[in-house]
Amino acid sequence: MPEQHFDSRTAVLDSCKRSVDFVTTPLTTGKINFSFSYYKTLIDEEALGHLLHALQGSTQAKESADLKALLAHVPMDGIESDPDPQRVRKLIFKGYLLAYPGNDPEQACALVPLPAKKGLRASNETDMEFSVVGPKIGFIEDLDTNIHLLRAQLNTPDLLLKEIVVGSVSRSRVAMLYIDGIANDENVAKMEKRLRDIDFDVVFDTSQLDQIIADNSRTPFPLFTTTERRDRVVYALITGQVAVISEGSPYFITGPSTLFDFFLSPEDYFMPWILGSFFRVIRIFGVIFSLFASSFYVALMTYHYEVIPKELLGRLIFSRENVPFAPFLEVLFLEITVEFLREAGARLPSRIGQSLGIVGGVILGQAAVEASLTSNILIIIVSLSALTSFVTPIYKMSNAIRFLRFPIILLAAIWGSLGIAIGVCFLLVHLSKLRSLGYPYTVPFFPVRAKDLKDSLVRSSYSITGSRPSYLKPASMLRYKPAPEKRSNDFDEE
């Protein structure tokens, strides 16, 4: 959206008052009445307390007849008097407090710096969604700090916050954020209604809200994107989605979401689009391999060994000549063993878990081959399958992929390639029926939205992605005006 210009300080405050974390506090000191207006998620509340104590406890302050004289007795640097509306708009998002006499900000007023020292890297580095390129700022369990982190990135009064109390016992604060003028009002109303209709005793984490407000609870697929990264939430907001987080949780959920949102990584947008598209395609092929590799092994070795090249068939037979189990049991044994190792590594302390995963995998794999419980080739397939299940940036989607491998393996053991085809058909039908906040889960491929395909399987150049996704029905389609590609020297010789 284009930057707003305000012709008065009153207009700035009216724009900010639409969000519940913007407060105005009246105060009487000495001979004058005045008000403070500020975002409570952006200022340091301890510093505010010191400011109020200095104003109310100073004898000179009590005798001051105007605001400028009153603030002159405050031991604080950086106070600005009579700022223009654009200056107020800029600094109020930097943690400044606007003070003015009475209820009229058009009179002599002042900006007092009280920025909060929140969002330190040591306490909120992204662990589950680590990236090599780009910012690494994530959220923590404090709700006000998380909102502060978002407002520090989005300096606009159109970023609105609505607080909802959820939990009959816990009375947990739940924050819903969206950008007015971009997010569709129907999506905002729908999300707010679902949150207000929750009848639950204790809300421990945002992931619980994800399951409660989801359109369909009978699916392994996550219907809302869960993330701990600030840049991912900011991107969701500027594209027209709604973000929700609860007190005590370091994770936001954003929606409406599509299946392909779970394969997008912020790194895709921090490198040239050709590289971003390449790694995204690699990610998608990795998920397909993880889902079907083991089942194809079972189908080929049980029913379709005639399609295997002779050079490879001899090696497969030699590898399995001493294995007493059918391919299905052989695959099932290895897949469950890998899941045991993965769960044990996740529950143990990080250093021990890493060592257990590496050493345990090597020892168990070698022992299984020497004991003729499995073949060398299957160990390679299952290991790659387990590895590629983690290429998805969102952990919940990788869990869904891990789960779906087992029913497809069972179908392959019963009907071979026909069973795999049946599994794929059931999967596609199930995905086509899913909804996220009422929107199709498989859009823009089904139903087809040709204009939105440019940022789905591949990431197109910024020169052609200036509009927001149409399937979200945003209030404003234009995100930015793309500049033409520079195909020649900017300084052409005359």
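The structure is a predicted model, in which local features need pLDDT of at least 70 and side-chain atom pairs count only at pLDDT 80 or more, while totals for chains, interfaces and linings use all residues. Residues are numbered from 1 along each chain as its sequence is written, and side-chain values use heavy atoms, with hydrogens and water left out.

**Overall architecture**

The secondary structure of the protein chain amounts to 16 helices and twelve strands. Helices (H or I, at least four residues) and strands (E, at least two) are DSSP runs, numbered from the N terminus. Along the principal axes, the C-alpha atoms fill a box of roughly 100 × 65 × 50 Å. Of the 494 residues, 49% count as buried; buried means under 20% relative accessible area, exposed over 50%, and partly exposed in between (1.4 Å probe, protein chains only). The accessible surface is about 24500 Å², and carbon and sulfur atoms account for 61% of this area. Accessible areas come from the Shrake-Rupley method with a 1.4 Å probe, and for residues only the protein chains shown count as cover. Among contacts (heavy atoms within 4.5 Å) between residues at least 6 apart in sequence, 67% join residues at least 24 apart.

Five strands form an open sheet in the order S1-S2-S4-S5-S3, with antiparallel pairing. Strands S1 (22-29) and S3 (80-81) are its edges, each pairing on one side only. Two strands pair if DSSP finds at least two bridges between them; S1 and S2 (residues 32-39) are joined in the antiparallel sense over eight bridges. Thr28 has Asn33 of S2 as its bridge partner.

Helix H5 (residues 85-92) has Pro85, Val88, Arg89, Leu91 and Ile92 as its buried residues. These buried residues pack against helix H1 (9-16) and against strands S1, S2, S3, S4 (96-101) and S5 (110-113). At the start of H5, a side-chain oxygen of Asp84 comes to within 3.0 Å of the backbone nitrogen of Gln86.

**Individual residues**

| Residue | Relative accessibility | Class |
|---|---|---|
| Leu42 | 2% | buried |
| Ser172 | 9% | buried |
| Val458 | 35% | partly exposed |
| Gly438 | 41% | partly exposed |

Leu42 is located in the loop between S2 and helix H2 (45-57). Leaving aside neighbours within four places in sequence, the contacts of Leu42 include Ile92, Phe93, Leu114, His148 and Arg151. Although Leu42 and Arg151 are 109 residues apart along the chain, their C-alpha atoms are separated by 7.6 Å.

Ser172 belongs to strand S7 (residues 172-179). Not counting residues up to four places away in sequence, Ser172 touches Ile164, Val165, Val166 and Val203. The side chain of Ser172 also reaches the backbone oxygen of Val203 at 3.4 Å.

Gly438 occupies the loop between strand S11 (435-436) and S12. Apart from neighbours within four places in sequence, Gly438 is in contact with Lys190, Arg194 and Asp215. The C-alpha atoms of Gly438 and Ile394, 44 residues apart along the chain, are separated by 21 Å.

Val458 is found in the segment after strand S12 (439-440). Together with Phe445, Phe446, Val448, Leu453 and Leu457, Val458 forms a nonpolar surface patch with about 500 Å² of accessible area. Patches are made of residues with over 30% relative accessible area and no salt bridge, with like charges joined within 9 Å and nonpolar side chains (Val, Leu, Ile, Met, Phe, Trp, Tyr) within 5 Å. A salt bridge is a side-chain nitrogen of Lys or Arg within 4 Å of a carboxyl oxygen of Asp or Glu.

Notes. A polar contact is a pair of N or O atoms within 3.5 Å; within protein, one must be able to donate a hydrogen and the other to accept it, and residues adjacent in sequence count only if both atoms are side-chain atoms.
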